[in-house]
Every structure is written in structure tokens, then in C-alpha cells.
Amino acid sequence: MRAQLVRASALIVGAAVVAWPLGYFAAAWAGWALFSVGLVAQLLFQLRNFSRLERWSRDPVLDASLEGEGDWDNVFGRLYRHEKEMRGVIARRDAEIRMLISAAQALTDGVVLLDRHDNILFCNHTAEDQLGLRVAVDRGQAVVNLVRQPEFAAYLEGEDFSKPLTLRSERIKDLVLSIYVVPYAENNRLMQVKDVTQSERLDRMRRDFVANVSHELRTPLTVLGGFIETLQEIALDRDEQAHYLQLMGEQSKRMLTIVQDLLTLSSIEASPPPTYETVDMVTLLDKLRRDAEALSGGRHRVFLDSDGCGDLRGAEVELASAFGNLLSNAVRYTPSGGSIRICWRADAAGAEFAVEDSGIGIEPAHIPRLTERFYRVDRGRSRDVGGTGLGLAIVKHALSRHQARLDIRSEPGQGSRFAAVFPPSRVIGV
Amino acid sequence: MSDSQHLSSQFDEDLARLRTHVLQMGGLVETQVSAAIEAYTSGEVAVVKAIVDNDRKVNDLEKAIDDDCAHIIAKRQPAAYDLRLVLGISKIVTDLERAGDEAKKIAKGVQRIYENGHFPTQYGVGIRHIAEAALVMIRQSLDAFARRDVLQAQSVIKADKDVDVEFKSIIRQLITHMMEDPRTITTSIDIISIARAIERIGDHAKNVSEQVIFIVEGRDIRHLKEAAK
């Protein structure tokens, strides 16, 4: 700064030194005029540089436009370097922030950041989908304004986040979410949203299974126990005794069937995957038809629709049990006089074994759950016709071990069609 | 990610709280409606009592919010957007409360049907469809309110037409049923009242959306012909 001061003073003194002799020897006004011209020239020089700086500061760009003269150039140079450094820092920070955000976006769990008033600061795509948020418009909005279930608001207000909140999504059918809240940085909160639909479903199936097994076994046991007490305490004549014993026999047979089905199911689960032995379909289909007719006792018409072409490769016992179960279901749930059709089709694209009936049919809502163990469309109804509630579970298991899937189509009041669809690898002779 | 509270005055905070209360009430009504529909399809009569109990909460919220509106107008004398917001809210809560009442009516109708030993499932598909449409309308109208989203509000108003059309077709179907078999009349009448309640829920959602448009744009589009909207 001192150098500049000295230089400026020297220029002024220089102007004075040049102007003074002119004023002394010629006219005084001429001297003053020359001195002023010197000063104005200096002022203009500074102004020009100042206006450059002024123009640049409005829109600082990093190019050669910022060039000064004399001492100004040093100042401009420093400003230029500072600007350049700052831009570098900002660009690096931007890149870091972008990386953090894209990491948050990559999470398969939903993440929502909330400020101290539970307004949304940020949320990732997963959370947008899960909770129906749109971060572009919802930033700054209270999260409870958009996730409006009363239990969610109560959970956030409750301040007790030791256990996650399980929330059924209002926006997406059947979606179950688990919400964790973690405090971070002064008073902010991070909300982690997990999709637990699948594990909820498994939990429910396990609970249902235990409850159902107990229930299924308890009913015949209660009946049995009641009869035993009666026989012990009351003297009965021969006919009554025989009648009671017969009923007891039925109940114990029923329990036996249930336990047998359970054992079949667990043995199918436990045994090694089925081999590729040839199953002679012509013989099997004929046997199935005769079994169905025997079970029906003449109450239904049973048709076999097959061109006798193609055989299956797999475990005959399992396949026979699966097909037999489909047929006995058809016989049970078709009123007298109805018809049952067994279809067999095989070609290069695979094979299909189907059982069609003209029975009571199934509501669409039940179809996805039919193969769950002990799942009942109508509690009590299937017990009346002698079902154990395990038939379709066995079918599904046996089929999936043969890479086949069970295709169920049904119309209430019209009838049902259960089809086992096999891949080409399980079919020979076509 | 700036802290959003830095500029908000006490008044803005009051308004934000009021909005949140309205949406909380809306959330409760949504839950009520969806529980009532669930009861209809599943036949779980046990939830009916919970729905009836919760309706009291909806009523209390309506009163509390209306009170707050009156207080804000008296104390702060809001103008322009703020005034429209407060006026709109006091109408919105009335509609929400009525939608809650309709949910209660559905629940009670379901209870009557199942207690008489009937199953409404044979009409299930149509009713379920219209009910889900009405539920989506309520949800979207509240979203539109939360986001000040006029487009969303307009789409709700359009959706109300479809619900009305579907309602009429359900009624026609039920009339046919009743003429074919007079024994179904009791159940059918209950189902008609349920369908009517659902249709009314759609109407309330539409009214909420109209208020949203009034709040955001200052246009009152109630009772206008379609072209003018």
C-alpha cells in the first residue's frame, strides 16, 4: 500500500514540477490547467480500472476479461485466483454431496430426513414410492400432512422409538411397512422405511399354521374325550355302545388322515428331489379315473379327455398323490349330477394335467391363499365333506418339486379348473 | 436443506398447525372409510364398534378446528390467501366430518347385513370398486390440499362423475335382483344405503377439492357448469 501511496504522490509532485515553471514563465492559468490535466489523466486511469472491476464483479467469469493495468493487475490477479479456488472447492463439495445423495437413492430401504418440526428435508426414491411422497413439491411440508394414518402421527409424537412402527400402506394395496426413527444432528430425525410385506405374510402363515393344526386336532379329540367319558360313567345298552364306538372310530380315523397328510407333506419336503423316472401316463390316468368314479359313487359323470400321447418324468408316488388330490377335491366340491373332466395334453412346449368341474367355484379373493396349509374358503364347509385342509398344499409342493406350477381358474357357481403345468424337461414321448 | 422455521412468524406457525390438524382429521377419515370397506368385504363385524367409536374423534376434531379458525380470524384478521385458507378449512372440515358419518353408516349397514345372516359378497365386486374409487378421491383431495395442487383437485372433481355413473349402475343391478327374487329385498336395501353412502363420500371429496381450488386460486367453482371449470 505504501508503494502505491508513494507512487501516487510522486505523480502529483511530478505534475506540479512540470506545471510550475509553465505557470511561472508563461501565464498562471496555463500552469494550473496543465496541473489539472495531469490530475484528471491519473483519475481517468484509476476510473477505467475500477469500471473493469465493477463490470466483472457483476458476473464473475473465469476468462481473460479481468485484466488491469499497473498495480491494479496484481489486485485483479489475486481476485481471479481466489475466485478460481472457490469454484474448485464448490465443485468438489457438489460432487461429494451428489455422491452422498446418490448413495441414499441407491438404498433399497426408504429414507426420509425430518427437521425439528418433522418437516421433510429429503427423501429418497424408495421412500417416495413407499409413502407416496414427491420430494420436489413436498420439501418443507410436515410429513404427517402426507402420511396421514393416525397411528403414524401418534408414533412420531410419542417420542418412543425403541420399537419400529408397522404400518399398512394406504396408497399401495397389501404393502406393509416397518418404520424406524433415529435422531441425528441437533433435533433432526431420520426415518428408515422397510418393506416387510413378505415377512409379515410368512409370519401370518406360520401363526395360522400352528393355530390351525391345533384346532384341527382338537375338534376330533374333544369329541373322542366326550364319548370316552360317557362310556365310563353311563351304562349303555349294546346298540348305543356300538353307535358311540363307531363315531369314535370315525373321529380317530379323521385325526389319522390329518397326521398322515402332515407326514406326507413333510416327507415330500424332506426327501431328495425327484428323479427322472418315466411315469406311464396312460396307466396313471386310467387309475385316476377309476379312483374318481369310486369316490363319487355314481353321483358325478367323470370324463377322461386325453389322446394318450406323452409321458412325465418324475416320482410317480408324488405325482399320483398330487393328481389324486385334485380329483378328490373336484368330487367333494361338485354337487351330485355335476360333471368332472380330466384333461391331459402334452407337446414340445410342455404338458398340462387339468381337472375341470362344474362345482361351486371359488371367490377370486381366496385363490392366492388356497395352497396355504389349512386355509379354508369357508370355515366348516370343507370339514363337512371330509377335507383335511392339506390337500392343495401337498399338490403345490409335489408339483413345485417337478418344476411344475399350479394354475387355478374359478368362477363362483360355475366351476373350477385346476391345472398342473409341466415344463418340456419333464415330458417325454411327444 | 435449510431450516424451514427461520422466517416463519407466529402467525405462519398457527396456520401451518391448522393445516396439519385438518390433514390429521382427514387421515382419520381415510382410515375410517377404508376400515368400513374392509368390513364390507371381510365380514369382520368386530371392527364396526371401533369405527363408531372413532367417529366421535372425528366430530371432536371438527369442532376443535372450527374453533381455531374462528380464533385466527378474530385475533389475526388474515387477508387474501390466508383468509381464503381459513375460510376454506372451515368448510373442508364440515365435508370431512360428513364423510366420516358416511363411513359410520357403511359400517352399521354391514353389521345389519351380516347379523341377518346374509353375505353381501355377490354384489361385492361393484361395491368394492366404487368404494375404492371414493377412497382414492378422498386421499387425492387431501393430497391436493397438502400440496396446494390445483390439477390434482380438478382430477378429483372429474372422478366424481365416474363414481356417480357407477352408483347408478349398481342401483339398477340391485333393482333387477329385487324384482327377480323378493327375498333379497332386505339385503338389497341395506346394500343400496351402503352404495349411497359411498357415493356421498365421493361428493364430499369433490367439495374438498373445490375448496382447494378456492384457496389456491380464489375462484369459487361450486355449482358451475362443466365448461366454466
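**Close-up views of a predicted two-chain model**

**Figure 1. Chain A in overview.** Among contacts in chain A that link residues at least 6 apart in sequence, 55% join residues at least 24 apart. The model shown here and in the views that follow is predicted. The secondary structure of chain A amounts to twelve helices and 13 strands. Of its 430 residues, 23% are buried.

**Figure 2. The five-stranded open sheet of chain A.** Five strands of chain A form an open sheet in the order β2-β1-β5-β4-β3, and their pairing is antiparallel. The edges are formed by β2 (120-123) and β3 (165-168) of chain A, each of which pairs on one side only. From one strand to the next, the twist averages 25 degrees. Strands of a sheet pair through backbone hydrogen bonds, in either a parallel or an antiparallel manner.

**Figure 3. Strand β1(A) and its two partners.** On one side, strand β1 (residues 110-114) of chain A is joined to β2(A) by three bridges, and the two strands run antiparallel. Within this pairing, Leu114(A) has Ile120(A) of β2(A) as its bridge partner. Five bridges join β1(A) to strand β5 (residues 188-195) of chain A, again in the antiparallel sense. Here Val111(A) stands opposite Gln192(A) of β5(A).

**Figure 4. The surroundings of Cys123(A).** Cys123(A) belongs to strand β2 of chain A. Is this residue, Cys123(A), buried or exposed? Cys123(A) counts as buried because 25 C-beta neighbours lie inside 10 Å, where 20 or more are required. Leaving aside residues up to four places away in sequence, Cys123(A) touches Val111(A), Val112(A), Glu128(A), Leu133(A) and Val135(A). The C-alpha atom of Cys123(A) is separated by 9.1 Å from that of Met191(A), although the two residues are 68 residues apart along the chain.

**Figure 5. The hairpin of β4(A) and β5(A).** Strand β4 (residues 176-184) of chain A runs antiparallel to β5(A), and eight bridges join the two. One of the facing pairs places Tyr184(A) opposite Asn188(A) of β5(A). The two strands, β4(A) and β5(A), form a hairpin with three residues between them. In the turn, Ala185(A) has a positive phi of about 30 degrees.

**Figure 6. Strand β10(A), its neighbours and its two faces.** Strand β9 (residues 339-347) of chain A pairs with β10(A) over eight bridges in the antiparallel sense. These strands, β9(A) and β10(A), form a hairpin with two residues between them. In this pairing, Ala354(A) of β10(A) is the bridge partner of Cys343(A). Six bridges also join β10(A) to strand β12 (residues 415-422) of chain A, and these two strands run antiparallel. There, Glu352(A) has Val421(A) of β12(A) as its bridge partner. Which residues along strand β10 (residues 350-357) of chain A are buried? The side chains alternate: Ala351(A), Phe353(A), Val355(A) and Asp357(A) point to one face and are buried.

**Figure 7. Chain B in overview.** The secondary structure of chain B consists of six helices and zero strands, giving the pattern α-α-α-α-α-α along the sequence. Of its 229 residues, 44% count as buried. Among contacts in chain B with a separation of 6 or more, 80% are between residues 24 or more positions apart.

Figure 8. Helix α3 (residues 80-115) of chain B contains 36 residues. From first C-alpha to last, α3(B) reaches 53 Å, close to the 52 Å expected at 1.5 Å a residue. After α3(B) comes Gly117(B), whose phi is positive, near 80 degrees. Helix α2 (residues 46-76) of chain B packs with α3(B) at an angle of about 170 degrees, and their axes are 9 Å apart. α2(B) is therefore roughly antiparallel to α3(B), a description that applies to angles over 145 degrees. The contact of α2(B) with α3(B) has 14 nonpolar, four polar and seven charged residues.

**Figure 9. The contact between chain B and chain A.** In this contact, 20 residues of chain B meet 19 residues of chain A. On the side of chain B that touches chain A, the elements giving two or more residues are α1 (10-42) and α4 (124-147) of chain B. α1(B) gives the most to this side, with ten residues. By class, this side of chain B has five nonpolar, nine polar and six charged residues.

Technical notes. Residues numbered from 1 in each chain as written. Chains lettered and ligands numbered in written order. Predicted model: local features only at pLDDT ≥ 70, side-chain atom pairs only at ≥ 80, totals over all residues. Contact = placed C-beta atoms within 7 Å. Helix = DSSP H or I, 4+ residues; strand = E, 2+ residues; numbered from the N terminus. Nonpolar A, V, L, I, M, F, W, Y, C, P; charged D, E, K, R; others polar. Pairing = 2+ DSSP bridges. Axes fitted to C-alpha atoms, helices over the stretch in contact; angles between N-to-C directions. Buried ≥ 20, exposed ≤ 12 C-beta atoms within 10 Å, placed from the backbone. Expected span 1.5 Å × (residues − 1). Parallel < 35°, antiparallel > 145°, perpendicular 65-115°, else oblique.
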